[in-house]
Amino acid sequence: MRLLIVEDEKRLAKVVASGLTAEGYAVDVAHDGEEGLAMARAGTYSVIILDIMLPRMNGYQVCEALRKEGDETPVLMLTAMDGEYDEAEGLDIGADDYLTKPFSFLVLQARIRALLRRRGGGMAPPVWRFGDLTVDPGTRRCSRGGVDIPVTAKEFAVLAFLASRAGEVVSKTEILENVWDFAYDGDVNIVEVYISNLRRKLDAPFRRSAITTLRGAGYRLAADGG
């Protein structure tokens, strides 16, 4: 899942982005309202974390512009202020939730999860099953034949993206765009490293193959290679 943080306090933005990245999210960051609005318009985000007090364009204006354009991406507004009027104004223009600084990272994570559930109509995300391989995005766990398989947050993010496109051929570029942030400019072959790790954990011990490579095209996840 891709998140957008629009926050002019660069140290705070960096800390929050690092923490969310470690949890398996792809995170993009903007430091002023105009840049944030442009990125929100250009990208597809699961949640936008939006500070109110921003240079060039404040958070209220960014949120209002998105809502007028029909963008219904969940917006979590951040502010150093603490008053009912500020919260009411944010909610009136279409924000979905409100968090006052300073805040706990655990609370931020909980608010993000709540917005994701709300976006899905309050339903838990689907559990994907491919033969005896189970991928559960709600708990971020995977298992094979009932055996839990420990994976890192980024490995799970790659696996979940493949699961969401089950049966389709997914290119390295698509995986990078959806699992890594837009600022990533490293070697595209990092995807191969994570695919190799997943095969070592998911396939090799069970002598079955869920992830197949289509040379020159990408990867496909399906029951026993489909």
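Let's start at a loop. P102 sits in the loop between β5 and α5. The peptide bond from K101 to P102 is cis, with omega near -10 degrees. Most peptide bonds are trans.

Some ground rules. This is a predicted model, in which local features need pLDDT of at least 70 and side-chain atom pairs count only at pLDDT 80 or more, while totals for chains, interfaces and linings use all residues. Residues are numbered from 1 along each chain as its sequence is written, and side-chain values use heavy atoms, with hydrogens and water left out.

Now the overview. The chain has eight helices and eleven strands. It has 226 residues, and 46% of them count as buried. Buried is under 20% relative accessible area, exposed is over 50%, and partly exposed lies in between, with a 1.4 Å probe and protein chains only. Take contacts between residues at least 6 apart in sequence: 56% of these join residues at least 24 apart. A contact means heavy atoms within 4.5 Å.

On to the parallel sheet. Which strands build it, and in what order? Five strands, running β2-β1-β3-β4-β5, form an open sheet with parallel pairing. Two strands pair if DSSP finds at least two bridges between them. The edges are β2 (26-30) and β5 (97-100); each has a single partner strand, so one side of each lacks a neighbour in the sheet. Neighbouring strands are turned by 20 degrees on average, direction ignored. Look at β4, residues 75-79: four bridges join this strand to β5. In that region, T79 stands opposite T100 of β5.

Helices pack on this sheet. Helix α3, residues 59-68, touches β3 (47-51) and β4, and its direction makes about 145 degrees with that of β3. For angles, axes are lines fitted to C-alpha atoms, for helices over the stretch in contact, and values run from 0 to 180 degrees between N-to-C directions. Helix α5, residues 105-119, lies across β1 (2-6), β3, β4 and β5. Its angle to β5 is about 175 degrees.

Next, a helix pair. α2 (residues 33-42) packs against α3 at about 25 degrees, with the axes 9 Å apart. The two are therefore roughly parallel; that label covers angles under 35 degrees, with over 145 roughly antiparallel, 65 to 115 roughly perpendicular and the rest oblique. Who makes the contact? From α2, G33, L37, A40 and R41; from α3, V62, A65 and L66.

The other sheet is antiparallel. Its four strands form an open sheet in the order β6-β7-β8-β9. β6 (128-130) and β9 (147-149) are the edge strands, each pairing on one side only. Twist averages 25 degrees from one strand to the next. β7 (residues 133-136) and β8 (residues 141-144) pair over four bridges. T134 has S143 in β8 as its bridge partner. Helix α8, residues 190-203, lies across β7, β8 and β9, at about 50 degrees to β8.

Most residues other than glycine have a negative phi. R56 has a positive one, near 75 degrees. R56 lies in the loop between β3 and α3 and is exposed, at 59% relative accessibility. R207 also has a positive phi, near 55 degrees. Is R207 buried or exposed? Exposed, with a relative accessible area of 81%. R207 belongs to the loop between α8 and β10 (211-214).
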